[in-house]
Amino acid sequence: MEELLELKSLLLKGDTKGALAIVEELEEMSRDDKINNISSYGVILLLHLIKQQAENRTTRSWDVSIRNSVRQIQTKNKRRKAGGYYLTPEELRLALEEAYPTAIDQASLEVEEGRYEPEELAQKVNQESIINQALALIVLPKQ
């Protein structure tokens, strides 16, 4: 809110350069918020894909969670008015890679009732395969 008041003040003073700097800052804050939101859903998506691979099975609950996470990522990534996307597929991959350690930590508590430490679980599953699978689900058009 403080930024908006400052922006208004700068515009009223005719300080276009200062106003544009505030607009750029607001854009960056908005993009960071989108990335954080996408990353949060990415952790949930990866968590369930890790569990599927580690346990070589799935449940309806995991499947629903995967679908919901994919939908949320697709929705959050779409620019409504301007069109296009906030994150490119390459940036989505990077966000998933950054979310992966958190997903491994959480999955270690759930896979086979917490049998593995995060490091052990990380050795049991294929990170590249899981991230590729997540990315493929996300970049497919909405159904």
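Colleague: Why does arginine 115 count as exposed?

Modeller: This is a predicted model, and in it arginine 115 has a relative accessibility of 58%. The word exposed is kept for values over 50%, so at 58% arginine 115 counts as exposed.

Colleague: What makes the pairing of glutamate 112 with arginine 115 a salt bridge?

Modeller: The closest N and O atoms of glutamate 112 and arginine 115 are 2.7 Å apart, and the cut-off asks for a side-chain nitrogen of Lys or Arg within 4 Å of a carboxyl oxygen of Asp or Glu. The distance of 2.7 Å is within 4 Å, so the pair is called a salt bridge. In general, side chains of opposite charge can pair when their charged atoms come close.

Colleague: How many salt bridges does a search of the whole structure find?

Modeller: The search finds 5 salt bridges. One of them joins arginine 57 to glutamate 55, with the closest N and O atoms 2.7 Å apart. Arginine 57, at 44% relative accessibility, counts as partly exposed, whereas glutamate 55, with a relative accessible area of 16%, is buried.

Colleague: Why can the pair of arginine 93 and glutamate 128 be said to tie parts together?

Modeller: The side chains of arginine 93 and glutamate 128 meet in a salt bridge, at 3.5 Å from N to O. Arginine 93 lies in helix H4 and glutamate 128 in helix H6, so the pair ties together parts that are 35 residues apart in sequence. Arginine 93 has a relative accessible area of 23% and is partly exposed, and glutamate 128, at 44%, counts as partly exposed as well.

Colleague: How do you know what length the 12 residues of helix H1 should span?

Modeller: At 1.5 Å a residue, the 12 residues of H1, which are residues 2-13, should span 16 Å, and the end C-alpha atoms are 17 Å apart, which agrees.

Colleague: Which residues of H1 are buried, and why can they be said to line one face of the helix?

Modeller: The buried residues of H1 are Glu3, Leu7 and Leu10. Seen down the axis of H1, they fall within an arc of 65 degrees, so they line one face of the helix. An α-helix has 3.6 residues a turn, so residues three or four places apart point the same way. On the other side of H1, Glu2, Leu5, Lys8, Leu12 and Lys13 are exposed, while what covers the buried residues of H1 includes helix H2.

Colleague: How does H3 answer to the length test, and which of its residues are buried?

Modeller: The 18 residues of H3 should span 26 Å at 1.5 Å a residue, and its end C-alpha atoms are 26 Å apart, which agrees. Trp62, Ser65, Ile66, Ser69, Val70, Ile73, Gln74 and Asn77 are buried in H3. These fall within an arc of 165 degrees when seen down the axis, so they too line one face of their helix. The buried residues of H3 pack against H2, H4 and H6, and on the other side of H3, Arg60 and Ser61 are exposed.

Colleague: Which residues of the largest nonpolar core touch the most other members?

Modeller: Of the 29 residues in that core, they are Leu45, Leu46, Ile50, Tyr100, Leu121 and Val125. H2, H3, H4 and H6 each supply at least two residues of this core, and the largest share, 8 residues, comes from H2. Leaving aside its neighbours within four places in sequence, isoleucine 50 is in contact with Tyr100, Ala103, Ile104, Ala107, Leu121, Val125 and Ile130.

Methods. Residues are numbered from 1 along each chain as its sequence is written. This is a predicted model: local features need pLDDT of at least 70, side-chain atom pairs count only at pLDDT 80 or more; totals for chains, interfaces and linings use all residues. Side-chain values use heavy atoms; hydrogens and water are left out. Helices (H or I, at least four residues) and strands (E, at least two) are DSSP runs, numbered from the N terminus. The expected span of a helix is 1.5 Å times one less than its number of residues. Buried means under 20% relative accessible area, exposed over 50%, partly exposed in between (1.4 Å probe, protein chains only). The arc is that of the directions from the helix axis to the C-beta atoms. Contact means heavy atoms within 4.5 Å. A nonpolar core is a set of buried Ala, Val, Leu, Ile, Met, Phe, Trp, Tyr and Cys residues joined through side-chain atoms within 4.5 Å.
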